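Here's a quick briefing for anyone meeting this structure for the first time. Have a look at the sequence and the model, then read on.

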Amino acid sequence: MTVQLPLSEVISTAKEKLSSASACLNDSSAFSSAIAEFDSWLSEHKELISAPAPEQVNELEEISQLIHQVTRLELQARYNISLVSDMQGYIHGQLENTATPHATYRR
């Protein structure tokens with residue numbers, strides 16, 4: 001028999017897990033692990049989070065904030081990925097320019 005947690009506790013835990021993911025955004029392996037843990041946890045609690053009663057106005061607002069936080073994390077992660085990709089392209093371009101001499105050295 002499983003015990004269903006109150007929605008407020010589930011929301012609180014979601015905030016903590018997303019804060020943990022945010023804290024390690026610049027460490028790709030830690031971030032990936034935190035997101036995988038959040039995803040697993042979320043799939044266990046998705047029914048409770050996705051179906052609050054209409055009178056639970058505060059909880060609805062908190063869920064909206066969680067969705068906004070997840071969206072910001074995704075955008076930041078995509079931005080970080082593009083920075084890494086751009087940096088690798090820049091480095092490879094600089095290495096190619098260094099490998100082909102522009103002028104010969106004469107003594």
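**Starting from one lysine**

Lys17 sits in helix H1; helices (H or I, at least four residues) are DSSP runs, numbered from the N terminus. Keep in mind that this is a predicted model, where local features need pLDDT of at least 70, side-chain atom pairs count only at pLDDT 80 or more, and totals for chains, interfaces and linings use all residues. Residues are numbered from 1 along each chain as its sequence is written, and side-chain values use heavy atoms, with hydrogens and water left out.

**Lys17 up close**

- Lys17 counts as buried because its relative accessibility is 19% (buried means under 20% relative accessible area, exposed over 50%, partly exposed in between, with a 1.4 Å probe and protein chains only).
- Not counting residues up to four places away in sequence, Lys17 touches Glu37, Phe38 and Trp41; contact means heavy atoms within 4.5 Å.

- Leu7, Val10, Ile11, Ala14, Lys17, Leu18 and Ala21 are the buried residues of H1.
- They're on the same side of H1 because they cover an arc of only 125° around the axis, taken from the directions from the helix axis to the C-beta atoms.
- Turn to the face away from that buried side and you'll find the exposed residues Glu16 and Ala23.

**The core**

- The largest nonpolar core has 18 residues, and Phe31, Trp41 and Leu73 have the most contacts inside it (such a core is a set of buried Ala, Val, Leu, Ile, Met, Phe, Trp, Tyr and Cys residues joined through side-chain atoms within 4.5 Å).
- Helices H1 (7–23), H2 (28–50) and H3 (57–99) are the elements that each give two or more residues to this core.
- Leaving aside neighbours within four places in sequence, Leu73 is in contact with Leu18, Ala21, Ser22, Leu25 and Phe31.
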